[in-house]
Amino acid sequence: MLDTVIHIALFCLALSMIGLIYRVIKGPSIPDRVIALDAIGINLIAIIALISIVLKTNAFLEVILLLGILAFIGTVAFSKYLEKGVIFERERDR
Amino acid sequence: MNEIANYFIAFFILAGAFLSMAATLGVIRLPDVYTRNHAASKAATLGVMSILFGTFLYFYFLEGHFNSRLILGIAFVFMTSPVAGHLISRAAYHTGVEMTDRSVHDALKNAKHMTASKDTE
């Protein structure tokens, strides 16, 4: 039973990633695309968790933390760039 | 014991997959960037947390080891995904992405005007 359930869930996640890729391609503004890419990163975490169940291994569980951190940092950098024009600001008084 | 654990794992994983699909449906169907952000940053977060909790239950009950990285992953996604949604929504507002025509009230309009005048001083 569990095997079937996991394969159904993987199919649902693949469908939802196709929908998010549609939004990345079509999205009328840049923040739309960034939101969709962030959601793709979040979905990849779930896919890796399910694949580590399918393969019955716990070797990929570090990847979950790594992808979470990378998706967050990427979104923060993009939103800072969109808002201020720079990601790393210079020091003012020198 | 393992049979009951099977049903709980299946429930959490299916609920997570359903919530993820609902988030994608919202991202495709909703009219402007703020409502899309609302759908994506809430439903996708809860869906992924549910799937990670199901995976944690699988490794704890069926494989027999307590995996703390999954707990850390749940806590990290719970903390950072709404913050990322807030930041990108604020960046969208300050770069002037339009709201949909059906929205009736913009409570931040005066605040935006004030920050703009402060920048010119």
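This is a predicted model: local features need pLDDT of at least 70, side-chain atom pairs count only at pLDDT 80 or more; totals for chains, interfaces and linings use all residues.
**The interface**

Let's begin where the two chains meet. The contact draws on 45 residues from chain B and 45 residues from chain A. The size of an interface is often given as the accessible area lost when the parts come together. Here chain B and chain A bury about 3,900 Å² between them, with 79% of that area on carbon and sulfur atoms.

Polar links are found here too. There are three salt bridges between chain B and chain A, and eight residue pairs are in polar contact across the interface, both residues being at pLDDT 80 or more. On the side of chain B that touches chain A, α1 (2-29), α2 (33-63) and α3 (68-94) each supply at least two residues. The largest share, 16 residues, comes from α3(B). By residue class, this side of chain B divides as follows.

| Class | Residues on the chain B side |
|---|---|
| Nonpolar | 29 residues |
| Polar | twelve residues |

**Aromatic residues**

Over all chains, the count comes to nine aromatic pairs. Y58(B) and F59(B) make an edge-to-face pair, 5.4 Å centre to centre with 80° between the planes. Y58(B) counts as buried because its relative accessibility is 3%, under the 20% cut-off. F59(B) is buried as well, with a relative accessible area of 1%.

One aromatic cluster is formed by F11(B), F12(B), F53(B), F56(B), Y60(B), F61(B) and F66(B).

Notes:
Residues are numbered from 1 along each chain as its sequence is written. Chains are lettered from A and ligands numbered from 1 in the order in which they are written. Side-chain values use heavy atoms; hydrogens and water are left out. Rings of Phe, Tyr and Trp (its six-membered ring) pair if their centres lie within 6.5 Å; planes under 30 degrees apart count as stacked, over 60 as edge-to-face and the rest as tilted. Buried means under 20% relative accessible area, exposed over 50%, partly exposed in between (1.4 Å probe, protein chains only). Contact means heavy atoms within 4.5 Å. Buried area is the accessible area (1.4 Å probe) that two parts lose on being put together, summed over both. A salt bridge is a side-chain nitrogen of Lys or Arg within 4 Å of a carboxyl oxygen of Asp or Glu. A polar contact is a pair of N or O atoms within 3.5 Å; within protein, one must be able to donate a hydrogen and the other to accept it, and residues adjacent in sequence count only if both atoms are side-chain atoms. Helices (H or I, at least four residues) and strands (E, at least two) are DSSP runs, numbered from the N terminus. Ala, Val, Leu, Ile, Met, Phe, Trp, Tyr, Cys and Pro count as nonpolar, Asp, Glu, Lys and Arg as charged, and the others, Gly among them, as polar.
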